[in-house]
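This report describes one protein structure in plain terms.

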Amino acid sequence: MQAQPSDGGQLARAVARELLRIGAVELRPNEPFTWSSGLKSPIYCDNRLTMSWPEVRSLIADGFASVIRECHPDCEAVAGIATGGIPHAAWTAERLGLPMLYVREKPKGHGKTNQIEGVVRPGLKVVLIEDLVSTGGSSLRAALAVREAGCEVLGTVAIFTYEFPRAARAFAEQGIPLRTLSSYSVLLEEALKTGAVTEEDAEMLRNWRIDPEGYAARFTPPS
């Protein structure tokens with residue numbers, strides 16, 4: 001689900017343009033990347049690059065703060081999902097004047113064995129911050145860890161989503177709203193406007209989101 005603050009979609013388009021401009025998102029429809037899962041993909045998204053661009057990270061933090069104010073006005077703490085969500089959660093929490101937490105993928109193997117760092121109390125109303133949602137697995141694990149710690153998870157807000165239907169289903173099944181500043185479909189529109197991709201490439205990129213396995217089969221040598 002794409003976030004819908006009262007800006008007529010301007011935020012989603014602005015974030016998409018910036019991700020393309022700084023190379024945080026790269027599109028290669030005819031020379032796909034291979035993800036760690038082995039899936040071949042025409043897109044690679046590294047939103048960690050946004051940390052190095054002050055104007056981009058400010059746009060993102062302002063966007064997160066706006067979404068939280070509009071959609072989760074009773075938020076009491078902002079939690080960053082390790083590792084990409086942590087810096088953005090810090091900048092957002094600063095704008096909102098709220099406490100910040102962060103959530104590891106799994107508990108530490110030493111010390112207090114914490115998975116969540118920061119002050120946690122039962123009933124604390126938390127919004128999680130993520131840099132990227134693909135299948136939604138890691139984001140949901142973090143959200144459920146916060147919930148299991150006794151907090152109330154109001155929702156998750158991410159910079160970008162590939163808009164895989166299974167991610168939307170997974171969040172819906174857990175009753176956790178997912179909102180994003182921008183999305184794959186908006187990014188493709190902006191890429192077309194700027195000439196970063198052709199209409200033929202855009203069609204291939206649209207098909208990948210619907211059927212990633214079918215797209216990958218085109219680039220897999222016959223056995």
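A search of the whole structure finds zero disulfides, a disulfide being a pair of cysteine sulfur atoms within 2.5 Å. Cysteine 75 is in no disulfide, and its nearest cysteine sulfur, that of cysteine 151, is 11 Å away. Cysteine 151 likewise is in no disulfide. Cysteine 75 has 8% relative accessibility and so counts as buried; cysteine 151, at 7%, is also buried. Here buried means under 20% relative accessible area, exposed over 50%, and partly exposed in between, with a 1.4 Å probe and protein chains only.

The model is predicted, so local features need pLDDT of at least 70 and side-chain atom pairs count only at pLDDT 80 or more, while totals for chains, interfaces and linings use all residues. Residues are numbered from 1 along each chain as its sequence is written, and side-chain values use heavy atoms, with hydrogens and water left out.

**Aromatic rings**

The whole structure holds nine aromatic pairs. Rings of Phe, Tyr and Trp (its six-membered ring) pair if their centres lie within 6.5 Å; planes under 30 degrees apart count as stacked, over 60 as edge-to-face and the rest as tilted. Two of these pairs are described here. The rings of tryptophan 35 and tryptophan 208 have planes at 85 degrees and centres 5.8 Å apart, so this pair is edge-to-face. Tryptophan 35 lies in the loop between β2 (33-34) and β3 (40-41) and tryptophan 208 in helix α7 (residues 199-210), so the pair ties together parts that are 173 residues apart in sequence. Helices (H or I, at least four residues) and strands (E, at least two) are DSSP runs, numbered from the N terminus. Tyrosine 162 and phenylalanine 164 form a tilted pair, 5.8 Å centre to centre with 40 degrees between the planes.

| Residue | Relative accessibility | Class |
|---|---|---|
| Tryptophan 35 | 17% | buried |
| Tryptophan 208 | 0% | buried |
| Tyrosine 162 | 3% | buried |
| Phenylalanine 164 | 4% | buried |

One aromatic cluster is formed by Trp35, Phe160, Tyr162, Phe164, Tyr184 and Trp208.

Charged side chains also meet rings. A charge sits over a ring if NZ of Lys or CZ of Arg is within 6 Å of the ring centre and within 35 degrees of the ring normal. Arginine 166 lies over the face of phenylalanine 164, at 5.7 Å from the ring centre. The charged end of arginine 28 sits over the ring of phenylalanine 33, 3.8 Å from its centre.

**A loop residue**

Asparagine 30 lies in the loop between β1 (25-27) and β2. With 48% relative accessibility, asparagine 30 counts as partly exposed. Its C-alpha atom is separated by 9.7 Å from that of leucine 205, 175 residues apart along the chain.

**The largest pocket**

On a 1 Å grid over the protein atoms alone, a pocket is an open set of points where a 1.4 Å probe fits, with protein on both sides within 12 Å along at least five of seven lines; lining residues have an atom within 4 Å of a point. The largest pocket has about 860 Å³ of space. Its lining has 33 residues, and Ser36, Asp131, Leu132, Ser134 and Ser138 lie nearest the centre. At least two lining residues come from each of β4 (43-45), β8 (125-133), α4 (137-148) and α8 (212-217). The largest share, five residues, comes from α4.

Definitions and conventions
Points joined across faces, edges and corners; volume = space filled by probe spheres on them.
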